[in-house]
Amino acid sequence: MVISCMCVSIQPTERRGRTPHRRKQRVLAAALLALATLRVHPAYAHGQGLPFAFWGNFPQATAHCQQVLAFEATRCANRVWKVHTDCDNALLDGKACGTSSVPDLVQRAHLDSLNIIDLQCTSPEAQGLGFLLKFEAQTDMNNFCTAIENAFVSTVYGPVMQGAFVRLTDDETRICVEAMAQATTKLWRFAVRARVRALDRIARSVMTPSDKQALIDDSSMLIDGLRALIQQRLEAACPTTDFVATYHHDDRELLTLVGQRADCLAAAVYVQNVVFCPLPVCGNGMQEVGEQCDDGNLTDGDGCSSQCTIESTAPQSLTSRLGRVPGGVSR
């Protein structure tokens with residue numbers, strides 16, 4: 001999906017309230033420009049995270065802005081992921097799916113969250129959180145939402161989808177993919193709630209460094225505990241042999257990657273240096289920031305190279321499946 005727009009001058013918004021029509025249009029134009037350039041890296045617009053020992057205890061309005069950033073990043077990711085699961089699960093079940101509407105729904109999720117941040121945060125508040133300007137915080141939210149889309153769609157549906165078409169699959173494969181989609185949804189939502197709860201509490205409270213770390217450690221234990229439970233349920237629906245035959249990785253490995261996306265949220269919208277997104281690993285089966293594709297192996301000549309770049313000799317359908325475009329899907 002290619003998005004084009006006219007570049008306009010954006011002035012930071014410094015008050016909350018009803019947005020004039022002209023400023024709404026400017027925000028939409030800026031959002032479209034950001035969507036069109038999401039492939040530009042590094043992943044985060046903000047600079048180095050603040051030392052965790054000194055991070056937090058923000059003024060009330062600044063802490064509120066932090067809460068809005070995390071909530072809208074999560075809401076955007078949840079909406080986009082639901083669009084894909086509704087559509088791709090329908091295709092797996094042999095039902096119709098309005099694939100042409102998917103990019104529009106994805107774009108709407110991005111724009112809605114960008115506008116909420118514009119209304120609820122000011123640039124001084126964003127600066128108090130470690131961002132240079134409010135637009136920088138919006139960019140990080142936007143990039144994170146796209147990164148989640150790429151990560152989950154490539155991991156869950158990559159092995160069985162070619163563009164808008166389902167590859168020939170047997171019943172066992174279909175059951176495994178739908179079970180993995182459900183497991184991904186449950187684990188991701190729980191993990192991000194656990195991380196956000198801990199970090200939002202630190203953002204608004206006076207705490208010692210050890211108490212802060214204890215909250216982070218507790219959230220990690222909760223995430224690990226649920227991952228183990230979800231893994232058991234996943235294996236009950238999709239035996240390990242069937243899972244490995246479908247994904248070429250074991251379920252624990254892929255579920256761990258899913259759970260770590262909560263840390264990617266923390267790295268994107270919380271400017272601190274303790275909870276951070278793991279570095280991308282080519283060949284792990286999840287398309288991560290900086291990768292054009294990740295088909296789960298390091299083999300050249302199959303459309304996705306050993307460097308996780310799309311090979312020019314790849315069939316168009318394979319290119320569409322492995323290389324997701326920013327803010328949408330190759331449908």
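Of the 81 residues in the largest nonpolar core, F144 and M180 touch the most other members. Such a core is a set of buried Ala, Val, Leu, Ile, Met, Phe, Trp, Tyr and Cys residues joined through side-chain atoms within 4.5 Å; buried means under 20% relative accessible area with a 1.4 Å probe, protein chains only. Helices α2, α3, α5, α6, α7, α8 and α9 each supply at least two residues of this core, and the largest share, 16 residues, comes from α6.

This is a predicted model, in which local features need pLDDT of at least 70, side-chain atom pairs count only at pLDDT 80 or more, and totals for chains, interfaces and linings use all residues. Residues are numbered from 1 along each chain as its sequence is written, and side-chain values use heavy atoms, with hydrogens and water left out.

Leaving aside residues up to four places away in sequence, M180 touches T155, V156, L234, F243, Y247, L254, L255 and V258, where contact means heavy atoms within 4.5 Å.

L234 is also among the buried residues of α7, which include L215, I216, I223, L226 and I230. The buried residues of α7 pack against the helices tabulated here.

| Helix packed against α7 | Residues |
|---|---|
| α6 | 171–204 |
| α8 | 240–247 |
| α9 | 251–269 |

Helix α7 itself (residues 209–237) reaches 43 Å from its first C-alpha to its last, close to the 42 Å expected, that is, 1.5 Å times one less than its number of residues.

In the chain as a whole, buried residues make up 52% of the 331 residues.

Key. Helices (H or I, at least four residues) and strands (E, at least two) are DSSP runs, numbered from the N terminus. Buried means under 20% relative accessible area, exposed over 50%, partly exposed in between (1.4 Å probe, protein chains only).
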